[in-house]
Amino acid sequence: MTEHATWKIRVTGVVQGVGYRPFVYKLARERHLAGWVRNDPEGVLIEASGHESVLRRFSEELASRAPELARVDGVVALSRSAGRSAATDFEIVHSAHGGAKVALVPADTHVCADCLAELRDPADRRYRYPFINCTNCGPRYSIIRALPYDRSQTTMRSFTMCERCDREYRDPMSRRFHAQPNACADCGPRLFLADRQGAVLEGEDALRRCARELTAGRVAAVKSVGGFHLAVDARRAESVALLRERKRRDSKPFAVMVRDLATAHRIVELSAAEEALLRSPARPILLARKRSGALPEGVAPRNPNLGLMLPSAPHHHLLLDESGLDAVIMTSGNISGYPIVHRNEDALRQLFEIADVILYHDREIEIRVDDSVVRLSAHPALDGPLVTFLRRARGYAPYPVDVGRPLAPLVAYGAELKTTVAHSAGSRVFLSQHIGDLKNDETFAAHRKTAAHLASLYDLEPAAGVYDMHPQFRSSSAHEGIGEPGDPVFVQHHHAHMAACMAENRLTGPAIGVVFDGAGYGTDGTIWGGEFLVGGFERFERATHLRRLALIGGDRAVHEPIRTGVSVALDAFGDIDTAVKAFPAIGRLEPDRRHVYSTMRAQGINSPEVSSMGRLFDGVAALLDICCYAEYEAQGPIELEGLLERDLAMADGYEFDYTTTEVDFGPVIRAIAEDLAAGLPLPQISRRFHSGVVTMVRRQCREISRATGIRQVVLSGGVFLNEFLLVNSLTMLERDGFDVYSHRHVPPNDGGIALGQLLVADHRRALGNGRVG
């Protein structure tokens, strides 16, 4: 007969706030085991007593049968002893608060099917309750103040549960057992609506008024899970135009929330894999190919994609039901350039500049969390669909990236744009949600708060801070006031990009890093951005790079790409008169302005030189008169790629010229001028340009590999958000026998750079080397 035994079992991962203890309780009772389960700062701890064979099966099922929202990283038997324990039943005991905090904070999730059914059931006591949730769904990271994840450590602590909610909360057989945001209309948060005249409505009246405003074509600000959205009817062109006018956002695409998957299929083309991503618990914004004429062109002008999401909060469902609308613009609720608003008082003070009414609630958001944005790419040569994050936030943050080996305790502060922060703890790197561009005090304050919040959740005490080496980055220049005990570590921008891709793919040894972006401070004091690097985490060399081009007017060229267009045309043709003849877009500039730009370029007046692939894309988009003046970052490159309509077929590409250290774009510009003069359609010119860049990447990797013997290649930097460039580079390099890797868990743009900074700094500290090269 099998011997009786008592096992103490540790479960790690996302196992708090996701119904894991009730799952263990039910499983243990099903297996007739005695003992207990509890949360503690490390995860879930179990003591179970029963037959050895049953305990083995129970231990396996702790991972294989875990709840949907759980992410089990490990199940380890800490001790095994013969004989029975003193326990005669199985119970859930109170959380333990001492010890190292390594349990993972759960991310915010959508409304589960059970809660959604109750929300729409007139016989249910939570019928139409806007904050319905259970252990399988609802807010998590956005309301957590500290671990372990108990109600008293969230923003729900100010709501005292009524008798019925409390009974559910304490019943291990209930779906709401220890669901920390548990509440109902009698005891929980409430909806409110304020209008410009100062009137305030509550509850159903607030919801109905907001619905009426939307159906009447007006703008509403809506407080969601991680902050406020600005909403209008997506099917009314005049409402979309009104929102653009008030938000001062003429061209940047808006995201759309749709009622259901049936509506999504009518608006965009969805594969089975895209549908699964759209309806996943994270409820991200998915970039999908839009159907012509399904929505007004003003929703996403000059773009083949549409950012689509399903409702993620109960009151989203109620608002769509009440209004009868099936598609609503849901864009970030903020003043341009500032972080998303998440406090009621800030919304009421700021958002009436844009919104006619503000729908808000009294459940506080502890930490703002934007919507995540993802894209799924498919190609016959790829090993399955390729997921790329454009923005990693709600639903995914702050889940860590496990790099497979222990790291020193460090904190990395990212870059200046699309910044995130990262903390290391053991082999895990906790990467924060998207914070934004550090252009103002509000975003900088959010940057600091996020870093402190992550550290406090896990009781982390970084030994040093890690920064971008750019001396003018706000995130770097403020290091003296932060106070980490060790000396700061400064990491070159493109090395960090390369290291981030290596880290998430758990690569070791040297690699070729193809890093294309807009700008990053180089080790030689110049601005880089079209780089072929060779090295690993601890050091790198610049193997070759794009030939430098002049940014006429410095940063103004980023917002006025025609300046870069003039610059690369002057490089290619030598004088402004020939450039005017080659490119009508330059000819449309006023003669005085052409003369000023030409003089600035010739004399080097406020025209820093950069080796930037992102700026080359800018220049080409301007020369083709696609985007001469950019409203948002990378508008020209996005619209240039948009001409391809997500058709990834390669063409006969324009040819670059090469030296031992540089890639010359001059021949490409001259060839574009010839095709433009010959009347070649812009989509074909765009395809030839994109194909030429892919071919250039392939050639350079071959040359570097011949010289070094390296066969690993990583692709990183914001330019690799370009789907044509990314997928075809992966495909062609794999065809050449390279082991080629891209980002799949963190964004290739600056949103992933903090991960790379940590890995570089950790290796340097291990070697006793704080240098940047």
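The questions below cover a helix pair, a threonine, a strand and a sheet.

Me: At what angle do the axes of H15 and H21 cross, and is that roughly parallel or roughly perpendicular?

Reply: This is a predicted model. Helix H15 covers residues 561–573 and helix H21 covers residues 666–677. Their axes come within 8 Å and cross at roughly 95°. Angles of 65 to 115 degrees count as roughly perpendicular, so H15 is roughly perpendicular to H21.

Me: How many nonpolar residues are in the contact of H15 with H21?

Reply: On the H15 side are Val568, Ala569, Ala572 and Phe573. They meet Gly666, Ile669, Arg670 and Ala673 in H21. By class, the contact has 1 charged residue, 1 polar residue and, for the nonpolar class, 6.

Me: Is Thr331 buried or exposed?

Reply: Thr331 sits in strand S14, residues 327–332. Its relative accessibility is 5%. The cut-off for burial is under 20%, so Thr331 counts as buried.

Me: Which side chain has a polar contact with that of Thr331, and at what distance?

Reply: Leaving out residues up to four places away in sequence, Thr331 touches Phe228, His229, Leu230, Leu243, Lys247, Arg249 and Phe254. The side chain of Arg249 makes a polar contact with that of Thr331, at 2.9 Å.

Me: Why is strand S1 described as largely enclosed?

Reply: S1 spans residues 4–14. The rest of the structure largely encloses this strand because, of its 11 residues, the number buried is 10.

Me: Which residue of S4 stands opposite Ile9?

Reply: S1 runs antiparallel to strand S3 (residues 43–51), joined by 8 bridges. There, Thr6 has Ser49 as its bridge partner. S1 also pairs with strand S4 (residues 71–82), again in the antiparallel sense, over 10 bridges. In S4, the residue opposite Ile9 is Ala77.

Me: Which strands are at the edges of the open sheet of 6 strands?

Reply: The order is S18-S21-S20-S19-S22-S23, with mixed pairing. Each edge strand pairs on one side only. Neighbouring strands are turned by 25° against each other on average, direction ignored. The edges are S18 (400–402) and S23 (489–491).

Me: What is the bridge partner of Pro400 in S21?

Reply: S18 and strand S21 (residues 428–431) run antiparallel, with 3 bridges between them. In S21, the partner of Pro400 is Phe430.

Me: At what angle does H24 run to S19?

Reply: Helix H24 covers residues 753–767. It lies across S18, S19, S20, S21, S22 and S23. To S19 (410–412), H24 runs at about 140°.

Methods: Residues numbered from 1 in each chain as written. Predicted model: local features only at pLDDT ≥ 70, side-chain atom pairs only at ≥ 80, totals over all residues. Heavy atoms only, no water. Axes fitted to C-alpha atoms, helices over the stretch in contact; angles between N-to-C directions. Helix = DSSP H or I, 4+ residues; strand = E, 2+ residues; numbered from the N terminus. Parallel < 35°, antiparallel > 145°, perpendicular 65-115°, else oblique. Contact = heavy atoms within 4.5 Å. Nonpolar A, V, L, I, M, F, W, Y, C, P; charged D, E, K, R; others polar. Buried < 20%, exposed > 50% of the residue type's maximum accessible area, 1.4 Å probe, protein only. Polar contact = N/O pair within 3.5 Å; in protein donor to acceptor, adjacent residues only side chain to side chain. Pairing = 2+ DSSP bridges.
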